Amino acid sequence: MLTELDPLADAALPVAEFRDHLKLGTGFADADAQDGALGAYLRAALAAIEGRIGKALIARRFRWRIAAWRAPDAQPLPLAPVSEILALETVDRDGTVVAVPPGRFVLVPDFQRPKIAATGAALPAIPTEGTAQIEFRAGFGAAWTDVPVDLRQAVLMLAARYYE
């Protein structure tokens, strides 16, 4: 279960750039009247592209819960690029949370498939009928301009399609 902890603020969306991409009129008193709809189309396009490529475009925090490690010493993460692991915890079936000390794991960055790896022999044991939860920050950067140009163009083109 992957949960986005920091939804994108409206200010992070490139509404003005999208308006220019659509060649919408400017200088009118109600020029910003469609901004809410344009923002919604941008959010939908971002979600579709991120889901398709397995990457977070604009950086934000996520929490991922899993019931078992893929391998005892490392676990690939569901999104890329990951800039930092903020927390690793185990949760038993009663909901008791145990924080794993940061020295027991490390982020192995990778543009396609980042992972956490044990610094010792294995990652911490996940309790029976429990989960591990990993909180991390993923994305190319905090601003729209940090996203690679080809992906920015893909978002604008898909959002324009939704607009049509």
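**Close-up views of strand pairing and helix packing**

**View A. Pairing of strand 6 with strand 7.** F105 has A118 as its bridge partner in strand 7. A hairpin of 6 residues links strand 6 to strand 7. Strands (E, at least two residues) and helices (H or I, at least four) are DSSP runs, numbered from the N terminus. This is a predicted model, in which local features need pLDDT of at least 70, side-chain atom pairs count only at pLDDT 80 or more, and totals for chains, interfaces and linings use all residues. Residues are numbered from 1 along each chain as its sequence is written, and side-chain values use heavy atoms, with hydrogens and water left out.

**View B. Pairing of strand 3 with strand 7.** Strand 3 (residues 74-76) and strand 7 (residues 115-118) are antiparallel and joined by 3 bridges. A117 of strand 7 stands opposite A74.

**View C. Packing of helix 1 on helix 3.** Helix 1 (residues 15-22) packs against helix 3 (residues 149-163) at an angle of about 65°, with the axes 10 Å apart. Axes are lines fitted to C-alpha atoms, for helices over the stretch in contact, and angles run from 0 to 180 degrees between N-to-C directions. The two helices are therefore roughly perpendicular to each other (angles of 65 to 115 degrees; under 35 is roughly parallel, over 145 roughly antiparallel, the rest oblique).

**View D. Residues between helix 1 and helix 3.** Contact (heavy atoms within 4.5 Å) involves E17, F18, H21 and L22 of helix 1 and Q153, L156, M157, A159, A160 and Y163 of helix 3.

Note on methods: Pairing = 2+ DSSP bridges.
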